[in-house]
Amino acid sequence: MPKLDLYLKRPNTNIINGVCPHDCPDTCAWQVAVDTSSGQALDIWGHPHHAVTQGVLCGKVDRYLERSYHASRLTTPLKRVGPKGKGEFTAISWDQAVTEIAANLKQVIAEFGPEAVLPYSYAGTMGLLQGEGMAQRFLNRMEASKLAATICSEAGSAGYKYTIGRSTGLEPQDFAHARLILIWGSNTLTSNMHLWPFVQQARRQGARVIVIDPARTRTARAADEWIPIRPGTDGALALALMHVIIGEGLYDEDYVDNYTVGLEPLVERVKRYSPEWAAEISGVASERIRLLARAYAATQPSAIRINYGLQRHAGGGMAVRNIACLPALTGAWRHRGGGIQLSTSGSFPMDLDQLERPDLLNGRVPREINMNRLGDALSLDPKRIARAHHHPRPIDPVPAPDDAGPAVKALIVFNSNPAAVSPDQRAVLKGLRRPDLYTVVLEHFQTDTADYADIVLPATTQLEHWDILTPYGHMYIALNRPAITPIGQSQPNSEIFRRLAAAMGYEESCFGESDEQILQDLIQAQTHPHFEGMYWDRLLDQGFARLNLPEPYLPFAKGNFYTPSGGCEFYSEGAAADGYDPLPVWTPPKSEQRDWNLGRDAGFEHATIAGVSALKCISPPAHSFLNSSFVNLERFNQREGQPLLCLHPQDAEQRRIGEGDRVCVRNDLGSVSLIARVTEDIVPGTVLAPSIWWNKFSIDGININQITPQDEADMGAGALFYDVRVWVERVEV
Ligand SMILES: Nc1nc2c(c(=O)[nH]1)N[C@H]1C(S)=C(S)[C@@H](COP(=O)(O)OP(=O)(O)OC[C@H]3O[C@@H](n4cnc5c(=O)[nH]c(N)nc54)[C@H](O)[C@@H]3O)O[C@H]1N2
Ligand SMILES: Nc1nc2c(c(=O)[nH]1)N[C@H]1C(S)=C(S)[C@@H](COP(=O)(O)OP(=O)(O)OC[C@H]3O[C@@H](n4cnc5c(=O)[nH]c(N)nc54)[C@H](O)[C@@H]3O)O[C@H]1N2
Ligand code: SF4
Ligand SMILES: [Mo]
């Protein structure tokens, strides 16, 4: 019997609608059964009426009650009593915590100015209110440094924008109508599982599914075909596909004539990118590239799902820009089930000003720090602080060290675990250890980052607070109602920033509004036609609502791209103005450069072995973790076992590494110990470390981000998590 029916029959039971807060494209609507006499949540399941997530939660969030009720949840404010990083704390009252924090922040501001305060947050919750909502009000009022949210999707989003104009595309349900599906740099069954039923529906109607990935992931195994590719070379493959499609006259002339810009220069440009050329770079045989190009052009509707895996490279922005040209070239957008999806976030043009209140800055524009350069930002060297300023495009200047602004003296971390997830971990931990840095962490658990805090504040989980979420994998907005009262003394982020605002003496009325009121006002403030018919009462009643878009939604069937010209821009004047090649071009990964990261200030010697070459290292999500969330829950920790390094038998043999051996992965940024898994499920020359383990659950107390660089991708200052050159060797234990 479906759980909803089961619990509807149970006496003294309330069913509360909510939505998963995690950083995942699916944004599943859920229901929670709560016992009205005890107030305890009894069970959780996917909302059965949601058209995309269809009543199913993933294996992690199916256990969300375990996470919320976990014995190690933080239940009181904590003050550090031991050295930074050791995790020794004592419980204090909310009053004491808030008073101490305000006193320290005021002192920092008085001495160094408000830009010496840096927030560090990401998508621990994607909720608009508990994410950045109230926090931004507080930080804007303070005029604190801004944080550029670069850690995940920026390179690809920027590249996609030059071609298509906005991050949107095919709806997931419409994949069911495709006849050919390319899952390209995305591990759907792990990171976006609710797309899969639609892929399966398409297959039952004869569709072929091809996965392009350096790893034979569970998605690749479930597909019809796996095309192994060297990391960071997708841009070259896309260029060669265009070479064949154009060279063999397989493109949709009518679509291209009417709805695209720049065919002529594109024709000229891709002549140089033959399949033979791309085969050399990508490791995909030239004949296979030709067959793929022909099949892709000839089969309609054809759908491409790219995700963020393939853009965590130096050429990640341009790779996405190149791939995004394909469906316009073949006219795939004409058809239901044709096109491409990177994200749907661009279909939610939410007006957030009333929520986040940028007007509280009074016209000031604080410096913006690239979150991928947290290590640099936390250093005391003005050159490195200058380098940490956000400069996403070639035309954006890096300030002179004298203009870099103050060193960061106070760090406020929420919805993120930078000690585990940020690149160049050695630099990050060194910064977090600085005695003159005052760190506040809002958290559910005592994470690696919380260990470095001066004060830790206990935050509520999604079971305990109000929020609204907009997804990046479909078109449904959702409301989350609290199902239970807060665990211990935990408080929603919104309330924590409200209390901090009061202690700072911020008297604006926006710091007095209730969560419900703020969310209701947010919905009412939306005037974009996509939100037409989206009323607070409707969300309260139904829990979620689809954007006001036609069904089926074929966004670019007749052009209407969101670019300045309105066409799909093979040639982009905007890209040229920003300092890029206006046409698709090959941008190689950094991990191919032999002098990788040499000349940095890390001071690490390579251990090179004669005749054994460096490898590329990628570290995509482990199936049972969500970034570094769920790592501390026994069930998921045990499921993943231990921090592994998957390597091809050829590479293992060359280095005399056997299954289960301890290996050291190093470059000049640092080194990390992992356990070898020898497998043909990864291309030779590349190693894969399923991530993101907490440091404290890892060998030697450090994780894979010891060896990932702070360097920026070509676009958006995106992260290079999968563009890493490493040396791997066996170590004796
Ligand atoms: N279970 C689970 N789900 C998640 C997450 C999680 O941690 N766990 N994280 C969430 C978040 S924050 C995000 S951003 C999304 C990410 O979702 P995805 O983008 O799907 O995730 P990744 O695993 O980073 O990358 C997908 C695949 O890209 C491959 N890959 C790496 N480099 C390249 C390359 O150069 N070319 C190609 N073709 N493939 C490459 C990897 O082997 C991996 O299989 O998932 C979200 N969902
Ligand atoms: N090596 C490597 N590094 C990576 C990646 C990779 O693939 N490989 N992936 C990168 C990507 S794509 C991303 S998006 C980032 C993700 O990095 P993060 O955004 O830091 O994600 P999480 O590690 O899940 O940490 C989120 C934290 O927020 C907390 N949290 C959740 N909800 C709330 C709340 O309501 N209030 C408060 N106060 N806290 C809350 C959780 O307990 C958790 O500790 O990591 C990046 N780092
Ligand atoms: S993590 Fe993703 S798949 Fe799992 S419940 Fe949340 S939104 Fe759904
Ligand atoms: Mo992400």
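## Basis of the values

In this predicted model, local features need pLDDT of at least 70 and side-chain atom pairs count only at pLDDT 80 or more, whereas totals for chains, interfaces and linings use all residues; side-chain values use heavy atoms, with hydrogens and water left out. Residues are numbered from 1 along each chain as its sequence is written, while chains are lettered from A and ligands numbered from 1 in the order in which they are written.

## Domain layout

The protein is divided into domain 1 (3-68), domain 2 (78-149 + 351-469 + 476-546), domain 3 (155-345 + 561-577) and domain 4 (596-730). These bounds come from an automatic or database domain assignment.

Between the C-alpha centres of domain 1 and domain 3 the distance is 36 Å. Twelve residues from domain 1 and eleven residues from domain 3 form the contact, where contact means heavy atoms within 4.5 Å.

## Site of ligand 1

Around ligand 1 there are 33 residues, of which G232, D234, F625, N627 and Y722 come nearest; a residue is near a molecule or strand if one of its heavy atoms lies within 4 Å of it. Domain 3 (155-345 + 561-577) and domain 4 (596-730) both give residues to this shell, so ligand 1 lies between them. By class, the shell holds 16 nonpolar, twelve polar and five charged residues. Ala, Val, Leu, Ile, Met, Phe, Trp, Tyr, Cys and Pro count as nonpolar, Asp, Glu, Lys and Arg as charged, and the others, Gly among them, as polar.

The side chain of S191 places an N or O atom 2.7 Å from an oxygen atom of ligand 1, and a backbone N or O atom of N627 lies 2.6 Å from an oxygen atom of ligand 1. For K60, a polar side-chain atom is 3.2 Å from a nitrogen atom of ligand 1. Of the 900 Å² of accessible area that ligand 1 has on its own, the protein covers 98%; accessible areas come from the Shrake-Rupley method with a 1.4 Å probe, and for residues only the protein chains shown count as cover.

## Site of ligand 2

Ligand 2 is surrounded by 31 residues, with S416, E443, S619, S628 and S629 the closest. Domain 2 and domain 4 each supply at least three residues to the shell, which divides into twelve nonpolar, 15 polar and four charged residues.

Oxygen atoms of ligand 2 lie 2.5 Å from a polar side-chain atom of E443, 2.7 Å from an N or O atom in the side chain of S416 and 2.9 Å from a backbone N or O atom of N417. The protein covers 97% of the 910 Å² of accessible area that ligand 2 has on its own.

## Cysteines

Zero disulfides are found in a search of the whole structure, a disulfide being a pair of cysteine sulfur atoms within 2.5 Å. C24 counts as buried because its relative accessibility is 17%, and C28 counts as buried at 7%. Buried means under 20% relative accessible area, exposed over 50%, and partly exposed in between (1.4 Å probe, protein chains only).

Terms used
Polar contact = N/O pair within 3.5 Å; in protein donor to acceptor, adjacent residues only side chain to side chain.
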